[in-house]
Amino acid sequence: MWKRALDRAGVRDPQLRRDYTDQRRAVRRFATAEYAAARILLPAELLPHVVAAVAFMHDTDDRIDRGTPDERAAALIEWDGLVRKALAEGDSALPVLRCLARTAERHPDVRAHVDEFLRGCEREVAWRSIADDEELRQYVREYSLPALMLTACLLAPEEAAMRTAFTEGCHLLIRAMQRIDFLEDLPEDVRAGRHGVPVDAVTRHGADLTRPGPALGRLVEEQADRAAADLAAATPLPTLVAPPYRPFVRALVGVQSLRLDAVRRAGASLATRPSGPSAPAAALLLLREAARRIRNQGLYREWIFLHE
């Protein structure tokens, strides 16, 4: 299937095929569930480009997430130069950037989102705490949303009004996802010295983020409720994309609900252990969407024929 996906994505050069295959291996290691969903639920011709975007995002995050603040800022400046050079020249010494350049060539919208993402990385490098919900929203607008749009732009509708609605739906979705991330990773983030739970909420509840207790339980429930509100508002997102992409987007939204359920179950215990979605429930969700995709294959083929 992978060779067919490369063929359909227009990746013919032998070196580029090896490069994309290397990125695929990396994505399968660090984002196994996400890769499985993309492989099962997205059209084959889109899969290599999704892999390239996800691999680039992960590589960037890894480069700017190590060392002192000054070291991280310096790493971002160096990386920014390498990325822009690769996009300008269509080539790079680094496989991940060769793939990104090729994907941006086939999908020009990627370039603008790479630029927004790199600018957002300045906030990711600089932040130490999130003061309140307004600062969390700003963090999501400047960093989390551009990171999501690196891949989401590959699914975006063509019509302008639909694209605007799609981007707003992505904004709501990633705001929920980011709040869930900060809850799931609480013990690790506290040990690292910068957690993403709004400081004013921690103070308001009198919560100790290092140990379970009723105050922390109330804090988690409040943050989960706010994530749930954004997630509910993002529910129409699958209807805004073309039929072949809907199973994947439905699965993406559905997995966030499973993550949120796990956070609520964990409650105050998040102080000492991370949480995550139920593996059997996530697998069942993927299987259900895969079956739905198979049932609708005729509809998808008709849509592709009409848009060729």
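In the predicted model, W127 and Y139 are both buried. Aromatic side chains form seven pairs under the ring criterion applied here. In one of these, the ring centres of W127 and Y139 lie 5.7 Å apart and the planes meet at 65 degrees; because angles over 60 degrees count as edge-to-face, the pair is assigned to that class. W127 belongs to the loop between α7 (109-126) and α8 (133-152), whereas Y139 is part of helix α8, so the pair ties together parts that are 12 residues apart in sequence. Both residues also belong to a single aromatic cluster, which is formed by F56, W79, F117, W127, Y139, Y143 and F182.

Helix α8 also contains L136. This residue has a relative accessible area of 1% and is therefore classed as buried, the cut-off being under 20%. When neighbours within four places in sequence are set aside, L136 is in contact with I130, Q178, R179, F182 and P198. F182, one of these partners, is also a member of the aromatic cluster. For P198, which lies 62 residues from L136 along the chain, the separation of the two C-alpha atoms is 7.2 Å.

Helix α9 comprises 25 residues, spanning positions 160-184. The distance from its first C-alpha to its last is 35 Å, close to the 36 Å expected at 1.5 Å a residue. At the N-terminal end, α9 is capped by E159, a side-chain oxygen of which is placed 3.2 Å from the backbone nitrogen of A161.

How values were computed
Residues numbered from 1 in each chain as written. Predicted model: local features only at pLDDT ≥ 70, side-chain atom pairs only at ≥ 80, totals over all residues. Heavy atoms only, no water. Helix = DSSP H or I, 4+ residues; strand = E, 2+ residues; numbered from the N terminus. Expected span 1.5 Å × (residues − 1). Polar contact = N/O pair within 3.5 Å; in protein donor to acceptor, adjacent residues only side chain to side chain. Phe/Tyr/Trp six-rings, centres within 6.5 Å; stacked < 30°, edge-to-face > 60°. Buried < 20%, exposed > 50% of the residue type's maximum accessible area, 1.4 Å probe, protein only. Contact = heavy atoms within 4.5 Å.
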